[in-house]
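This briefing goes through the packing of one protein chain, topic by topic. Please keep the sequence and the 3D view open while reading.

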Amino acid sequence: MNAPAPAPPGHTTLNLNRNPLRLLVSSGPWRAAWYLGGYVFVTGWVLFSIAFTATVSAAAFAITLAGIPLAIAAAAVVRWCAAAERVRLRQVFAGPVPRAAYRSTDGLAIMARARSTWKDPALWRDRAYVIGLWSPLFILDTVVLTIWLTFLAGITVPIWYWAPRGTGIAGYTSSTTVHGLAFGYFPHGPHGPGGVGLFVDSVPSALLAAACFLVLFLIFNYVLVLTARAHARVALSLLGAPADPLARAKEVLAGPGPLGSLRQNPVQTTQK
């Protein structure tokens with residue numbers, strides 16, 4: 001029995017289901033939240049700080065002799081940061097993540113090694129992701145993850161709706177102390193004139209709010225998964241090996257068929 005073929009590079013494990021309930025019980029939104037959360041809270045700003053500091057330090061000393069070893073060291077640091085992000089991509093893609101093809105510097109003098117390393121296109125792609133795209137990706141992931149967590153917390157409103165108290169609750173400006181959650185604007189208290197929105201101060205209103213949050217949560221799961229997919233695709237396109245435009249043609253030549261036999265037996269073909 002033949003073993004199953006490995007998944008091709010770029011095959012995502014964050015599957016989308018048309019049924020929002022099936023999507024909820026699948027691993028897709030939870031793996032997506034873990035991937036985005038890891039970038040927002042840990043790896044994103046940590047790797048950016050490390051790579052940015054190393055790159056700026058090497059650039060600042062580039063006019064001195066100290067800049068030569070610093071350029072080589074900074075390149076190694078950026079490669080390490082990119083390798084850490086490739087490891088994280090395994091959370092999103094089923095197949096192996098191809099490693100970027102860095103220039104070989106074996107046998108080069110230290111000056112040539114620093115110059116070759118600094119001009120390496122693969123290293124510049126690493127910098128583009130780890131440093132250049134950190135700000136937009138961090139903002140995007142933070143906004144999406146915050147909204148998703150807000151909807152998730154809203155489902156639990158019936159458990160703790162009674163806890164907020166006083167005049168500091170959102171949307172309530174009256175001096176009268178009350179208990180509850182205000183989703184809207186209530187200038188004269190929860191039951192006063194001019195109020196707009198839903199004031200949660202009872203079990204029925206809390207259940208209604210939780211139902212609304214549940215619907216929003218089920219819908220926003222699609223946004224969460226699509227955001228994680230887009231983030232991972234950007235990372236793969238910059239940190240992985242560039243796609244070979246002749247890969248399909250090489251597969252045809254290597255496979256069985258008239259072209260394959262022609263390539264494997266050129267002498268016999270010539271004699272005929």
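**Helix H2 against helix H5**

Tyr35, Tyr39, Leu47, Phe48, Ala51, Phe52 and Thr55 of H2 meet Arg127, Tyr129, Val130 and Ile131 of H5. The model is a predicted one. Its protein chain has 11 helices and four strands.

- Sorted by class, the residues of the contact between H2 and H5 are nine nonpolar, one polar and one charged.
- H2 and H5, the latter covering residues 121–132, pack at an angle of about 120°, and their axes are 8 Å apart.
- An angle counts as roughly perpendicular from 65 to 115 degrees and as roughly antiparallel over 145; H2 and H5 are therefore oblique to each other.

**The chain as a whole**

- The protein chain has 272 residues, and buried residues make up 37% of them.
- Of the contacts in the protein chain between residues at least 6 apart in sequence, 62% join residues at least 24 apart.

**Helix H2 against helix H8**

- Helix H2 runs over residues 28–60 and helix H8 over residues 203–239.
- These two helices, H2 and H8, pack at an angle of about 55°, with axes 9 Å apart, and that makes H2 oblique to H8.
- The crossing of H2 and H8 is left-handed.
- On the H2 side, the contact is made by Gly28, Pro29, Trp30, Ala32, Ala33, Tyr35, Leu36 and Tyr39.
- On the H8 side, the contact is made by Phe217, Asn221, Leu224, Val225, Thr227, Ala228, His231, Ala232 and Ala235.
- By class, 13 residues of the contact of H2 with H8 are nonpolar and four are polar, and no charged residues take part.

**Threonine 227 in helix H8**

- Threonine 227 is located in helix H8.
- Is threonine 227 buried or exposed? A residue counts as buried under 20% relative accessible area, and threonine 227 has 8%, so threonine 227 is buried.
- Apart from neighbours within four places in sequence, threonine 227 is in contact with Leu36, Leu140, Asp141 and Val144.

**Leucine 47 in helix H2**

- Leucine 47 belongs to helix H2.
- The relative accessible area of leucine 47 is 6%, so leucine 47 is buried.
- Which residues does leucine 47 touch, not counting residues up to four places away in sequence? They are Trp80, Cys81, Ala84, Glu85 and Val130.
- Leucine 47 and tryptophan 134 are 87 residues apart in sequence, and their C-alpha atoms are 9.3 Å apart in space.

**Aromatic residues**

- How many aromatic pairs does a search of the whole structure find? The search finds 10 aromatic pairs.
- A pair of aromatic rings is described by the distance of the centres and the angle of the planes.
- Phenylalanine 151 and phenylalanine 220 form an aromatic pair with 5.7 Å from centre to centre and 85° between the planes. Planes over 60 degrees apart count as edge-to-face, and this pair is edge-to-face.
- Phenylalanine 151 lies in helix H6 (residues 134–154) and phenylalanine 220 in helix H8, so their pair ties together parts that are 69 residues apart in sequence.
- Both phenylalanine 151 and phenylalanine 220 are buried.
- One aromatic cluster is formed by Phe48, Phe52, Trp134 and Phe138.
- Tryptophan 134, a member of this cluster, is found in helix H6.
- Tryptophan 134 and phenylalanine 48 are 86 residues apart in sequence but 6.8 Å apart in space, C-alpha to C-alpha.
- Leaving out neighbours within four places in sequence, tryptophan 134 is in contact with Tyr39, Gly44, Trp45, Phe48 and Tyr129.

**Helix H3 against helix H4**

- Helix H3 covers residues 67–89 and helix H4 covers residues 110–118.
- H3 and H4 pack at an angle of about 40°, with their axes 9 Å apart, and they are therefore oblique to each other.
- The crossing of H3 and H4 is left-handed.
- Ile68, Ala71, Ile72 and Ala75 of H3 make the contact with Ile110, Met111, Arg113, Ala114, Thr117 and Trp118 of H4.
- By class, this contact of H3 with H4 has eight nonpolar residues, one polar residue and one charged residue.

Definitions and conventions
Residues numbered from 1 in each chain as written. Predicted model: local features only at pLDDT ≥ 70, side-chain atom pairs only at ≥ 80, totals over all residues. Heavy atoms only, no water. Axes fitted to C-alpha atoms, helices over the stretch in contact; angles between N-to-C directions. Parallel < 35°, antiparallel > 145°, perpendicular 65-115°, else oblique. Left-handed = near helix turned anticlockwise from the far one by under 90°. Contact = heavy atoms within 4.5 Å. Nonpolar A, V, L, I, M, F, W, Y, C, P; charged D, E, K, R; others polar. Phe/Tyr/Trp six-rings, centres within 6.5 Å; stacked < 30°, edge-to-face > 60°. Buried < 20%, exposed > 50% of the residue type's maximum accessible area, 1.4 Å probe, protein only.
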